[in-house]
Amino acid sequence: MEDHNQKLLQELLKKSGNNVCADCGSPDPEWASYNLGIFICMRCAIIHRGMGAHISKVKHLKLDRWEDSQVQRMKEVGNTAAKNKYEERVPPCYRRPNKNDPQVLIEQWIRAKYQREEFCHPERQSYLSGTMEGFLMKRGKEENRYHRRKFVLSENEDTLKYHVKEDKEPKGILKLSELNVALAPPKIGYMNSMQLTFMKDGTTRHIYVYHEESEVINNWYTAIRCAQLHLLQVAFPSTPQSDLVLRLPKDFAREGWLWKTGPRPSDAHRRRWFTLDNRKLMYHDEPLDAYPKGEIFVGHESNGYSIKVSNTGNGCKEARFPFQLVTPERTFCLAATTHEDRACWLLVLQQTIKRPLTPQDSTVEATLVRKRTSSNSISIFSGR
């Protein structure tokens with residue numbers, strides 16, 4: 001009977017929707033929650049088990065013994081029906097994770113669906129009001145220590161503020177509509193962490209925050225996205241919501257160490273941490289710097305932007321795989337340590353250069369140009 005049940009499970013896996021994980025979309029799931037009636041991958045199965053058997057009862061499709069009633073439950077439900085139920089009212093601003101997303105995002109997506117049932121009961125979605133207050137641990141601008149700070153989100157004011165002392169004026173006021181927020185656990189070193197990136201006095205500023213509870217950081221992340229969507233709907237009332245959702249904060253297209261020379265051919269390579277934020281390529285001395293050392297706008301190929309691959313280095317053993325980013329103002333000589341790393345950077349930069357410009361892109365370009373030409377600031381094109 002056990003062999004028969006396993007054959008039935010394999011047949012059910014072939015049905016549309018069941019051949020990918022019900023939660024993250026990974027192909028060929030090998031686990032299942034038999035009380036929920038869904039097929040899931042190993043990563044999501046571990047999260048399901050962490051919620052407790054009173055919420056989700058997990059089994060391996062081949063290694064565990066299946067009862068007839070359990071197989072029948074899988075047959076009655078399946079991934080498509082379960083998604084229709086547990087994802088019935090997912091807000092458009094809520095980020096649906098995929099298999100490559102950070103653990104905190106996938107875990108809170110699963111817990112929101114089955115433990116808190118937020119998408120069956122919209123009144124449980126605490127991040128839609130356009131306001132939020134609470135404490136986060138914030139990294140100091142010029143130190144490695146994190147300090148407890150009060151953050152206040154206000155959609156009506158288009159601001160995200162943080163206070164050193166609750167009864168004092170805010171230490172920082174971030175313009176919400178111009179804020180990018182990215183989940184960044186590997187870089188920051190805390191599972192429940194975010195990076196806030198915004199413009200301050202014509203220069204990009206980074207703030208790094210975390211919270212001990214994953215639900216709290218996910219609620220902050222979602223609240224920022226929801227408030228930004230509402231602001232976009234007011235600013236562009238005739239634009240379809242599906243198009244506005246595409247303008248919400250995105251993770252950085254790519255980050256990592258590269259070698260960079262100065263503007264002169266004789267300049268030596270220096271190791272910098274590069275971050276590609278939409279069309280803004282920033283480089284830093286260290287990954288958690290508060291400010292980038294320089295910023296490069298990556299425009300469209302029709303405006304003179306291109307990528308060139310060179311096989312000749314500059315006498316630096318680590319910079320073995322060089323390439324050039326050509327802009328109208330300057331050619332940037334960069335290099336990766338491995339062939340694979342260079343290939344990844346080339347791909348993402350080529351995709352950026354071929355992507356049509358948006359009005360928002362033009363605003364960013366104008367800001368960087370003003371910064372470059374200003375006599376009161378350091379030129380982004382001369383920074384080493």
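A search of the whole structure, which is a predicted model, finds 2 cavities of 30 Å³ or more. The search runs on a 1 Å grid over the protein atoms alone: a cavity is a set of points where a 1.4 Å probe fits but cannot get out, whereas a pocket is an open set with protein on both sides within 12 Å along at least five of seven lines, and lining residues have an atom within 4 Å of a point. Grid points are joined across faces, edges and corners, and a volume is the space filled by probe spheres set on those points.

Two remarks on conventions. Residues are numbered from 1 along each chain as its sequence is written, and side-chain values use heavy atoms, with hydrogens and water left out. As the model is predicted, local features need pLDDT of at least 70 and side-chain atom pairs count only at pLDDT 80 or more, while totals for chains, interfaces and linings use all residues.

I turn to the second largest cavity, which holds about 40 Å³ of space. Its lining consists of Arg139, Gly140, Lys141, Arg205, His206, Ile207, Tyr208, Leu288 and Ala290. Strand β10 (residues 203-210) provides the largest share of that lining, 4 residues. Helices and strands here are DSSP runs, numbered from the N terminus (helices H or I, at least four residues; strands E, at least two).

What is the volume of the largest pocket? About 1,400 Å³ of space lies in it. It is lined by 40 residues, of which Arg247, Asn278, Gln360, Asp361 and Val364 are the closest to its centre. At least two lining residues come from each of β9, α7 (214-235), β12, α9 (339-354) and α10 (359-373). The element that gives the most is α10, with 6 residues.

Next, the sheets. An open sheet of 7 strands has the order β14-β13-β12-β11-β17-β16-β15, with antiparallel pairing; two strands pair if DSSP finds at least two bridges between them. β14 (294-297) and β15 (306-309) stand at the edges, each with a single partner strand, so one side of each has no neighbour in the sheet. On average, neighbouring strands of this sheet are turned by 35° against each other, direction ignored. Axes are lines fitted to C-alpha atoms, for helices over the stretch in contact, and angles run from 0 to 180 degrees between N-to-C directions.

Within this sheet, strand β11 (residues 254-260) is joined to strand β12 (residues 270-277) by 7 bridges, in the antiparallel sense. Gly256 stands opposite Phe274 in β12. Trp259 has a bridge partner in β12, Arg271, and another in β17, Ala335. β11 and strand β17 (residues 331-336) pair over 2 bridges, also antiparallel. Helix α9 lies across β11, β12, β13 (280-284), β15, β16 (321-326) and β17, and runs at about 110° to β11.

There is also an open sheet of 3 strands, in the order β2-β1-β3, with antiparallel pairing. Its edge strands are β2 (38-40) and β3 (58-60), each of which pairs on one side only. The twist from one strand to the next averages 30°. Strand β1 (residues 31-33) is joined to β2 by 3 bridges, and Ser33 has Ile38 as its bridge partner in β2.

Some individual residues follow. Leaving aside residues up to four places away in sequence, Ser193 touches Ala182, Leu183, Ala184, Pro185, Ile188, Val209, Tyr210 and Ile217; contact means heavy atoms within 4.5 Å.

Asp201 is exposed, with a relative accessible area of 76%, and lies in the loop between β9 and β10. Although Asp201 is not a glycine, it has a positive phi of about 55°. Glu117, in the loop between α5 (103-115) and β4 (131-139), has a positive phi near 50° and is partly exposed at 24%.

Finally, confidence. The mean pLDDT of the chain is 91, and 92% of its residues reach 70 or more; pLDDT is the predictor's confidence in each residue, from 0 to 100. Over residues 375-384 the pLDDT is below 50, and this stretch has 25 contacts in the model beyond near neighbours in sequence. Where pLDDT is low, the predicted coordinates should not be read in detail.

Terms used
Buried < 20%, exposed > 50% of the residue type's maximum accessible area, 1.4 Å probe, protein only.
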